[in-house]
Amino acid sequence: MASTGHSTAATSEMDEEKEAPPPQDLTLGWVRDALIRQEDSIVFALIERARFPYNAHVYDPSLLPQQGGRSLVEAFARGAEVLQAKFGRYQNPEEVSFFPDDLPPPSGIPYNFPEVFHPASASVTVNNAIWNMYFNDLLPLFTVEGDDGNYTSTAAADLVCLQALSRRIHYGKYVAEVKFRDAPQDYMTAIRAKDRDALMKLLTFEAVEEMVKRRVLKKAMVFGQTVTLEDKTFDDETKYKVDPAVVAHLYDEWVIPLTKDVEVEYLLRRLD
């Protein structure tokens, strides 16, 4: 995870309804709080998806020949993004489309989001990696085998997970921007040299990353329990809706590294 030399780093997201702050108000503390709130969104999204079994038909493109070789989940995601784009979702710099070439111009209520990012950041996206990670690696870890026929609901739950992960990971742009503003000279040499390794070293604080992993592990334990009126403590017999270890692994293996990839790619364009 990322951070300046004296403070914590990047990982998680802001509430969808909270607007981006004006540039003069952009602080690492604000970004950190937003990332912590986004942890809640990701844990709850995984819990909701875990209500359904794996439902392999959702991912089989051969079952929907009328969709031109697209699976139900891909067709659903593309259609949802088109509708959301019409009403302005992707005007918000926090939101990054998985299928940007399909999007119509917005026709909803206009809103002038503050211009926080350097203009070149628009091209920074790791959504292909997020999509492949989610379906190939993560999904089998927290769903059970089976088929309950709830295919559209399953695809909708998948999209909520994907969008929460994308928002959180691409928040690395906020992290990179605020860190650059705080200490531009620390980054300029590495940026001009296109030195990815040096930038990654500047952005990496292992103690902060460990703290984030412990926090999401605990959140998954708290949020994922069945609530009763009896006093209850965590033990080996506790049943969780999503294995907390999977959530910690998600952050360790994918969320934190991909966030830092976003930060590095953003910084490499910061002086363009």
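Axes are lines fitted to C-alpha atoms, for helices over the stretch in contact, and angles run from 0 to 180 degrees between N-to-C directions. Helix 5 (residues 172-182) and helix 6 (residues 184-192) pack at about 110°, with axes 6 Å apart. The two helices are therefore roughly perpendicular to each other.

This is a predicted model: local features need pLDDT of at least 70, side-chain atom pairs count only at pLDDT 80 or more, and totals for chains, interfaces and linings use all residues. Residues are numbered from 1 along each chain as its sequence is written, and side-chain values use heavy atoms, leaving out hydrogens and water.

**Overall fold**

The protein chain has 9 helices and 0 strands. Helices (H or I, at least four residues) and strands (E, at least two) are DSSP runs, numbered from the N terminus. Of the 272 residues, 49% are buried (under 20% relative accessible area, with a 1.4 Å probe and protein chains only). Among contacts (heavy atoms within 4.5 Å) with a separation of 6 or more, 76% join residues 24 or more positions apart.

**Helix 5 against helix 6**

From helix 5, Lys179, Phe180, Arg181 and Asp182 meet Pro184, Tyr187, Met188 and Ile191 of helix 6. The residues of this contact divide into 5 nonpolar, no polar and 3 charged. Here Ala, Val, Leu, Ile, Met, Phe, Trp, Tyr, Cys and Pro count as nonpolar, Asp, Glu, Lys and Arg as charged, and the others, Gly among them, as polar.

**Cores**

A nonpolar core is a set of buried Ala, Val, Leu, Ile, Met, Phe, Trp, Tyr and Cys residues joined through side-chain atoms within 4.5 Å. The largest has 43 residues; Leu46, Tyr134, Leu138, Leu165 and Leu250 touch the most other members. Helix 9 (244-269) is among the helices that each supply at least two residues. Helix 9 gives the most, with 9 residues. Beyond its neighbours within four places in sequence, Leu46 contacts Leu138, Phe142, Cys161, Val242, Val247 and Leu250. A second, separate core of 24 residues includes Trp30, Leu35, Tyr187 and Tyr266.

**Positive phi**

Most residues other than glycine have a negative phi. Two exceptions follow.

| Residue | Phi | Loop |
|---|---|---|
| Asparagine 55 | about 55° | between helix 1 and helix 2 |

Asparagine 55 counts as buried, at 0% relative accessibility.

Key. Buried means under 20% relative accessible area, exposed over 50%, partly exposed in between (1.4 Å probe, protein chains only). Angles under 35 degrees count as roughly parallel, over 145 as roughly antiparallel, 65 to 115 as roughly perpendicular and the rest as oblique.
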